[in-house]
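These are my notebook entries on one structure. I shall record what I looked up, entry by entry.

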Amino acid sequence: MTDILMPKATAVWMVDNTSLTFEQIADFCGLHPLEVRGIADGDVARDIRGVDPITGGQLTREELDKAQDNPDYRMKAIVSRHAELLKSAKPQPKYTPVSRRQDRPDAIAWFVRNHPEVTDAQIAKLLGTTKSTIESVRNRTHWNSPNIKPVDPVTLGLVGQLALDDLVKKAADKKHKDDLKKGGGTIQPVEPEVVEEEFVPEARERHVAEPTAESVFGTKN
């Protein structure tokens with residue numbers, strides 16, 4: 001990738017003002033030779049105004065003369081201060097101090113003891129460690145096992161409280177869903193069947209004959 005500013009505008013100027021080959025211009029400007037040919041033919045960068053790289057401090061006159069005298073010569077650009085400023089800054093890799101690295105096994109032991117629902121992959125990503133280290137702490141095969149003590153990673157300064165809470169919540173939710181899938185859902189208790197008693201009306205009293213004079217006063221002799 002070229003370090004010069006406005007490569008197409010520079011190529012336009014070189015096409016119009018020098019005897020450089022398309023390959024030389026393409027190499028200096030970071031373009032394809034066919035693209036430079038398109039500039040010369042008027043098919044590419046038609047509305048772009050040429051920019052002089054010499055007055056712009058990106059090329060010396062000596063370099064240009066060498067290239068014009070030798071078609072095989074490839075010009076070297078002067079990297080401007082502005083070009084350096086415009087470069088995207090690459091994120092620096094995270095550096096964990098040695099003291100913090102020694103704290104990771106303690107944080108791993110804390111997860112193993114207090115949050116078994118958190119997976120090794122989640123622990124590795126949060127603490128910046130490896131699954132093999134986590135496994136060695138869990139199995140107590142770590143070289144420093146006698147000195148490892150479970151300590152909250154927030155206390156150790158390895159992670160923030162919000163990040164830890166979020167991880168634990170996600171792990172708990174996932175475990176709950178997995179448990180439901182394995183169990184096939186919650187079985188509802190069977191309600192005992194209520195048998196309604198059949199209503200039996202009270203037996204009617206036996207019909208008693210109406211009293212007569214004979215039954216009350218007796219019969220005459």
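Entry 1: Is Lys 175 buried, partly exposed or exposed? I worked from a predicted model. I found that Lys 175 is partly exposed, with a relative accessible area of 43%. I then looked up its partner and noted a salt bridge between Lys 175 and Asp 179, with the closest N and O atoms 3.1 Å apart. Asp 179 counts as partly exposed too, at 38% relative accessibility. Both residues belong to helix α10, where they stand four residues apart, and so about one helical turn separates them.

Entry 2: I next examined Lys 174 and Asp 178, which form a salt bridge with their closest N and O atoms 3.1 Å apart. They too are four residues apart in α10, or about one helical turn. Lys 174 is partly exposed at 48% relative accessibility, and Asp 178 is partly exposed at 27%. I also recorded a salt bridge between the side chains of Lys 169 and Asp 173, at 3.1 Å from N to O. These two residues lie in α10 as well, four residues apart. Lys 169 is exposed, with a relative accessible area of 54%, because the cut-off for that class is over 50%. Asp 173, at 35%, is partly exposed.

**Entry 3: the whole count.** How many salt bridges does a search of the whole structure find? I noted seven.

**Entry 4: the interior.** I turned to the nonpolar residues. In soluble globular proteins, nonpolar side chains tend to be buried together. The largest nonpolar core here has 19 residues, and among those with the most contacts inside it are Ile 108, Phe 111, Leu 158 and Leu 164. Helices α6 (98-114), α7 (120-127), α8 (131-138) and α10 (161-183) each supply at least two residues of this core. Which helix gives the most to this core? I found that α6 does, with five residues.

Entry 5: I then noted a second, separate core of 18 residues, including Ile 4, Val 12, Ala 45 and Met 75.

**Entry 6: aromatic rings.** My search for aromatic pairs gave a count of one. The pair is Trp 110 with Phe 111, arranged edge-to-face, with 5.2 Å between centres and 80 degrees between the planes. I recorded both Trp 110 and Phe 111 as buried.

How values were computed
Residues are numbered from 1 along each chain as its sequence is written. This is a predicted model: local features need pLDDT of at least 70, side-chain atom pairs count only at pLDDT 80 or more; totals for chains, interfaces and linings use all residues. Side-chain values use heavy atoms; hydrogens and water are left out. Rings of Phe, Tyr and Trp (its six-membered ring) pair if their centres lie within 6.5 Å; planes under 30 degrees apart count as stacked, over 60 as edge-to-face and the rest as tilted. Buried means under 20% relative accessible area, exposed over 50%, partly exposed in between (1.4 Å probe, protein chains only). A nonpolar core is a set of buried Ala, Val, Leu, Ile, Met, Phe, Trp, Tyr and Cys residues joined through side-chain atoms within 4.5 Å. A salt bridge is a side-chain nitrogen of Lys or Arg within 4 Å of a carboxyl oxygen of Asp or Glu.
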